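Good morning, and thank you for the time.

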Amino acid sequence: MDAGSTLGRMSDGVRAEAVRVAAAAYPVEFLADWAAYEAKLSRWVADAAGQGAGLLVFPEYAPLELISLLPTDLHHDVIGMRPALQAFVPDFVALHARLAREYGVGIVAGSYPVAQGGVFVNRAFVFGPDGTHAHQDKLLMTRFEAEEWHIAPGEGAAVFDLPLPGGTLRFGIAICYDSEFPTLARELAEGGAELLVVPSFTGSRAGFTRVRVGSMARALENQLYALHAPLIADAPWTYAVEDAHGAAGVYAPSDNGLPEDGVVAQLGWNESGWLVTDLDLRLTRAVRVDGHVLNWRDRVVGATRPTPAQVVSLGGVPKRV
């Protein structure tokens, strides 16, 4: 994948100072047919766009409610469903492109198991306001993905330039488990990302907490915003996404002008819907230059100053009296 992707016509190189974003806590439903999915997605996009959001983010594996349209013997067959799901990909991409054009918004679609080079990868398609699309694949797989589902890691990292009326927003994507490691987010920040998008699918509060803590840590380390869009599911009809829990949230470094607890906004636990939030990018830029701490400035020495750890003995076991 290219190092960067432009999602439509650039805004003359002007960086956006403020953006309104929307994180979906998206509920999985059993669908009657493709028309039901199209109607549902159209309602969701219309809702967020109607609230003025310029970037809409859906969770990891959100479109796997399309499993309900497959033969019932595939609903719990995590291996067999992968090739069967490919039949929906062209219409899935076309639908998101049409909605992005219709409402003039950027969309990070729910990630999808896509056939690629003889394997299946977890791919988030990204759409610009003119329907232009690119993608980011998940790079680090959970045990379920690797050991049971046989979803393979993708390759490459991209930052996306989204043209908005007030300027261009540059953002990157760390899908779920990817957010729990610093390297990808650091590469995206080095590429100019000012927002880290984290779509997730977590089956427990513990899993959600790992992604939430990872996202907040990445926001702190890189002094940028992180947006967390979780999947919500109570779907005993499919093993793939039978349980999913979380709370949509937006995080920031806890510094000048930003929330002391690092939480810009958050929905309730397992509360479905859009979390629509205004981000003032001038605040995170200012913190990078003159914050109480300068994590972004100190990233190089933070990575190079520590040496390999040496084992230091603190003496022998004391004799009991």
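The count of salt bridges in this structure comes to 16. Please keep in mind that the model is a predicted one.

Let me begin with Glu-65, which forms a salt bridge with Lys-40, the closest N and O atoms being 2.8 Å apart. Glu-65 lies in the loop between strand S3 (55-57) and helix H2 (81-85), and Lys-40 lies in helix H1 (residues 34-50), so the pair ties together parts that are 25 residues apart in sequence. Both Glu-65 and Lys-40 are buried.

A second pair joins Asp-137 to Arg-123, with 2.7 Å between the closest N and O atoms. Here Asp-137 belongs to strand S7 (residues 133-137) and Arg-123 to strand S6 (residues 119-127), so parts 14 residues apart in sequence are tied together. Asp-137 is buried, as is Arg-123.

Next, Asp-280 forms a salt bridge with Arg-282, at 3.0 Å between the closest N and O atoms. Together with Glu-17, Asp-280 and Arg-282 are linked in a network of salt bridges.

Helix H5 (residues 182-190) packs with helix H6 (residues 205-222) at an angle of about 40°, their axes 10 Å apart. H5 is therefore oblique to H6, and the crossing is right-handed. H5 contributes Pro-182, Ala-185, Arg-186 and Ala-189 to the contact, and H6 contributes Arg-218, Glu-221 and Asn-222. These contact residues divide into three nonpolar, one polar and three charged.

Note on methods. Residues numbered from 1 in each chain as written. Predicted model: local features only at pLDDT ≥ 70, side-chain atom pairs only at ≥ 80, totals over all residues. Heavy atoms only, no water. Axes fitted to C-alpha atoms, helices over the stretch in contact; angles between N-to-C directions. Helix = DSSP H or I, 4+ residues; strand = E, 2+ residues; numbered from the N terminus. Parallel < 35°, antiparallel > 145°, perpendicular 65-115°, else oblique. Left-handed = near helix turned anticlockwise from the far one by under 90°. Contact = heavy atoms within 4.5 Å. Nonpolar A, V, L, I, M, F, W, Y, C, P; charged D, E, K, R; others polar. Salt bridge = Lys/Arg side-chain N within 4 Å of Asp/Glu carboxyl O. Buried < 20%, exposed > 50% of the residue type's maximum accessible area, 1.4 Å probe, protein only.
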